[in-house]
Amino acid sequence: MAQSGKPSLALKWIEELKHLPISAVDAEPDFLTGITHFELGNMGAAFQHFDRSSKMSKGRCFEGEDKKYIDFYKKRLGGK
């Protein structure tokens with residue numbers, strides 16, 4: 001949903017699913033939340049979620065994903 005052109009729909013689901021038990025080592029939910037915020041233009045929130053998921057997965061969360069996400073993350077990380 002985050003990449004469907006209607007990321008606001010994904011944001012609604014994120015809020016609904018927030019209360020489910022998720023493994024502390026699963027980077028996917030944070031990464032997808034980061035994508036959603038990125039697509040909505042919420043770059044501060046996107047960076048926070050990308051940062052958390054990247055640290056959790058040691059950067060593997062970006063593998064196979066659109067390059068714009070890792071480029072954004074690296075650029076923002078460098079300016080931190």
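**View 1. Confidence along the chain of a predicted model.** pLDDT is the predictor's confidence in each residue, from 0 to 100. Helices here are DSSP runs (H or I, at least four residues), numbered from the N terminus. The chain as a whole has a mean pLDDT of 84, and 81% of its residues reach 70 or more. The model is predicted, so local features need pLDDT of at least 70 and side-chain atom pairs count only at pLDDT 80 or more, while totals for chains, interfaces and linings use all residues. Residues are numbered from 1 along each chain as its sequence is written, and side-chain values use heavy atoms, with hydrogens and water left out.

**View 2. Phe31 and its aromatic partners.** The structure holds ten aromatic pairs. Rings of Phe, Tyr and Trp (its six-membered ring) pair if their centres lie within 6.5 Å; planes under 30 degrees apart count as stacked, over 60 as edge-to-face and the rest as tilted. Phe31 and Phe50 form a tilted pair, 5.3 Å centre to centre with 40° between the planes. Phe31 sits in helix H2 (residues 28–40) and Phe50 in helix H3 (residues 43–57), so this pair ties together parts 19 residues apart in sequence. Phe31 counts as buried at 2% relative accessibility, and Phe50 at 0%. Buried means under 20% relative accessible area (1.4 Å probe, protein chains only). Phe31 also pairs with Phe62: the centres are 5.2 Å apart and the planes at 90°, so the pair is edge-to-face. Phe62 lies in the loop between H3 and helix H4 (67–78), so its pair with Phe31 of H2 links parts 31 residues apart in sequence. Phe62 is buried, at 8%.

**View 3. The largest nonpolar core.** Eleven residues make up this core: Phe31, Ile35, Phe38, Ala46, Phe47, Phe50, Cys61, Phe62, Tyr69, Phe72 and Tyr73. Such a core is a set of buried Ala, Val, Leu, Ile, Met, Phe, Trp, Tyr and Cys residues joined through side-chain atoms within 4.5 Å. H2, H3 and H4 each give two or more residues to it.

**View 4. H3 against H4.** The two axes come within 10 Å and cross at roughly 95°. That makes H3 roughly perpendicular to H4 (65 to 115 degrees). Axes are lines fitted to C-alpha atoms, for helices over the stretch in contact, with angles from 0 to 180 degrees between N-to-C directions. Contact means heavy atoms within 4.5 Å. Contacting residues include Phe47 and Phe50 of H3 and Tyr69 and Phe72 of H4.

Definitions and conventions
Buried means under 20% relative accessible area, exposed over 50%, partly exposed in between (1.4 Å probe, protein chains only). Angles under 35 degrees count as roughly parallel, over 145 as roughly antiparallel, 65 to 115 as roughly perpendicular and the rest as oblique.
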